[in-house]
Amino acid sequence: MAAAVTPGSVDGTQNEQYYLRLHLLLMKAGEVLRAKFDSIISPNDLLNELRNHKRVIDKLQKDGVISREQYRLLNPNPDSQRFDVSLLIVLLRNICNLQPNNSIWKENDNNKITNTISPVISNIVRIRNLRNKMQHKEIAYLEQKEFQKNWSLLENAMVTLGQSCGLNGVKADIAELMTKTLDLVTPEMKSLRETTLWFLEESCGDEFYVETARFQDAIRLLKEKHFIVLTGHPGEGKTAMAARLALAEGTKPENCLNLQHARDWRKIDWSLKLFNTVIVDDIFGGGALNQKLLSDWARYLPEMERAAKQKRLRIIITTRHYIKEEALEENEMDKLTMFEDN
């Protein structure tokens, strides 16, 4: 691979572009894994093979290795095109005669994997490990050195696996992916990022802002729970505090989102990890409770709370105290822990 890498034009920093391009290559690696699986168990034989390995599959489901959703894909009309990467890897290991008890399957560090074992097995494990590593990243960011190292590792693994099952065009596909313009970031996502940058600049413009003890408590709570609801009276600085909290702990402005409408939540592909902080200012209205805002946001709040509890996102909400109380009474949102003691 060439030393100089120019990932195509996409909104954000160069390090973000590296992440997005590797993310795209991992998606293509899933296609290679599927082709390898189909070469071992042909689509026409899939149902019979799954039935033959029912005891193994049932144990994997019981042990939590296969989720309920994945298990449902295996019966009664299985189709490998619907299998996600994690399911494909589990099946390759456990029902495709690829030495499922070999210790290499337990190795999580690609630096410790050598070619002394079957290249098919070792490269499946390499892809799995890199995918897991990318999934555990909190934000879309890769240094150039890390990008190049992982790209080279993934390229070699994909080409080797592809050749083992008759896919001879993998290297050419990867070369094309290296230079093609990325289209993962939609115009809507770019627009939301731009308006958020403006919001943060405007809200953090007071150079005399005093970070009080309450502000420090809010930072601690946000770090601990990943969500916070700021309440207060008009003019008490909820918006300014929300903006400064968003940028606390070294968070960059381009990784924050200020959502003005509930529908904006659905405009984001959260799997890309472009954003780690969400701000919703005056979520249920400014001067009085807005029933439409309440209805619109109520459907997404459980998802937002889930993302915070899983530490995938930091959620910062502001609202006037009396509006929050009225909203809780009308919508039973007291069931959401994000509104407790905030």
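Reply: Take residues 45-184: their end C-alpha atoms lie 36 Å apart, and the span is 58% helix and 0% strand. Helices here are DSSP runs of H or I with at least four residues, and strands are runs of E with at least two, numbered from the N terminus. This is a predicted model, where local features need pLDDT of at least 70, side-chain atom pairs count only at pLDDT 80 or more, and totals for chains, interfaces and linings use all residues. Residues are numbered from 1 along each chain as its sequence is written, and side-chain values use heavy atoms, leaving out hydrogens and water.

Me: What makes α1 roughly antiparallel to α8?

Reply: The axes of α1 (residues 14-40) and α8 (residues 170-179) cross at roughly 160 degrees and come within 10 Å. Angles over 145 degrees count as roughly antiparallel, so α1 gets that label against α8. On the α1 side, the contact (heavy atoms within 4.5 Å) includes Arg21 and Leu24, and on the α8 side Asp173 and Ile174.

Me: Why is Ile316 called buried?

Reply: Buried means under 20% relative accessible area, using a 1.4 Å probe and protein chains only. Ile316 has 0%, so Ile316 is buried. Ile316 sits in strand β4 (residues 314-320).

Me: What is Ile316 in contact with, leaving aside its neighbours within four places in sequence?

Reply: Among them are Leu222, Ile228, Ala242 and Val280. As for Asn258, Ile316 is 58 residues away in sequence and 9.4 Å away in space, C-alpha to C-alpha.

Notes: Axes fitted to C-alpha atoms, helices over the stretch in contact; angles between N-to-C directions. Parallel < 35°, antiparallel > 145°, perpendicular 65-115°, else oblique. Buried < 20%, exposed > 50% of the residue type's maximum accessible area, 1.4 Å probe, protein only.
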